[in-house]
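Please look through the structure shown below before reading on. The report that follows takes up its helices, strands, surface and charged pairs in turn.

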Amino acid sequence: MKMIKAMIRPEKFEDIKGALDAAGFGAMTIFDVEGRGVQKGIKQQYRGAEYIVDLIPKRELEIVVADDVAEKVIEIIRKAAYTGKIGDGLIFVLPVEDAIRVRTGERGSIGI
């Protein structure tokens, strides 16, 4: 199993969720997070004054899938998240050793 973690633009979340749902990957966990990448924040203007926003709001999406569909899920997220601008986000892929359903004690790729 793989855990796919995607740091995405908040405004692209509904597009990504819809694309994943349409492909049959509806189970996910979402977090509202802040961070910065290589660009170290962005410059903005408010009432003529320029200021730097150091930490940019992002949405973190986590989804655990079977190994054989991980690349498909990654490509769905990548295409739906794409704007072509700096700050589109990052996707991380981590191995998942095991999954245990709390209610029944089942182990392995349950519900995945």
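## Terms and basis

Helices (H or I, at least four residues) and strands (E, at least two) are DSSP runs, numbered from the N terminus. This is a predicted model, in which local features need pLDDT of at least 70 and side-chain atom pairs count only at pLDDT 80 or more, while totals for chains, interfaces and linings use all residues. Residues are numbered from 1 along each chain as its sequence is written, and side-chain values use heavy atoms, with hydrogens and water left out.

## M3 and F92

M3 lies in strand β1, and F92 has its place in strand β6. The two residues are 89 residues apart along the chain, yet their C-alpha atoms are separated by 8.1 Å. F92 and I4 are 88 residues apart in sequence, and here the C-alpha atoms are 5.7 Å apart.

A contact is counted when heavy atoms come within 4.5 Å. Relative accessible area is used to call a residue buried (under 20%), exposed (over 50%) or partly exposed (in between), with a 1.4 Å probe and protein chains only. M3 is partly exposed because its relative accessible area is 21%, and F92 is also partly exposed, with a value of 38%.

## A nonpolar patch

F92 belongs to a nonpolar patch on the surface, which L90, F92 and L94 form with about 260 Å² of accessible area together. Patches are made of residues with over 30% relative accessible area and no salt bridge, where like charges are joined within 9 Å and nonpolar side chains (Val, Leu, Ile, Met, Phe, Trp, Tyr) within 5 Å. Accessible areas come from the Shrake-Rupley method with a 1.4 Å probe, and for residues only the protein chains shown count as cover. L94 is found in strand β6, and its relative accessibility of 34% is why L94 counts as partly exposed.

Which residues of α1 are buried? They are F13, I16 and L20. Seen down the axis of α1, these buried residues fall within an arc of 70°, so they line one face of the helix; the arc is that of the directions from the helix axis to the C-beta atoms. What covers the buried residues of α1 includes β1, β2, β5 and α2. After α1 comes G24, whose phi is positive, near 90°.

Helix α2 comprises 12 residues (residues 70-81), which at 1.5 Å a residue should span 16 Å, and this agrees with its end C-alpha atoms being 16 Å apart. The expected span is 1.5 Å times one less than the number of residues in the helix. The buried residues of α2 are A70, V73, I74, I76, I77, A80 and A81. They cover an arc of only 160° around the axis, which puts them on the same side of α2. Their cover includes β1 (2-8), α1, β5 (56-65) and β6 (89-95), whereas the face of α2 turned away from the buried side carries the exposed residues E71 and K79.

## The loop at G26

G26 lies in the loop between α1 (13-22) and β2 (29-35). G26 counts as partly exposed because its relative accessibility is 43%. Not counting residues up to four places away in sequence, G26 touches L20 and D21. The C-alpha atoms of G26 and K58, which are 32 residues apart along the chain, are separated by 20 Å.

## Salt bridges

Side chains of opposite charge can pair when their charged atoms come close. A salt bridge is a side-chain nitrogen of Lys or Arg within 4 Å of a carboxyl oxygen of Asp or Glu, and the structure holds 11 salt bridges. In one of them the side chains of D32 and R59 meet at 2.9 Å, N to O. This pair links distant parts of the chain, with D32 in strand β2 and R59 in strand β5, 27 residues apart. D32 is exposed, with a relative accessible area of 60%.

E11 forms a salt bridge with R9, where the closest N and O atoms are 3.7 Å apart; E11 is exposed at 55% relative accessible area, whereas R9 counts as buried at 16%. The side chains of K12 and D15 also meet in a salt bridge, 3.1 Å from N to O. K12 is buried, with a relative accessible area of 16%, while D15 counts as partly exposed at 42%. Finally, K5, E60 and E62 are linked in a network of salt bridges.
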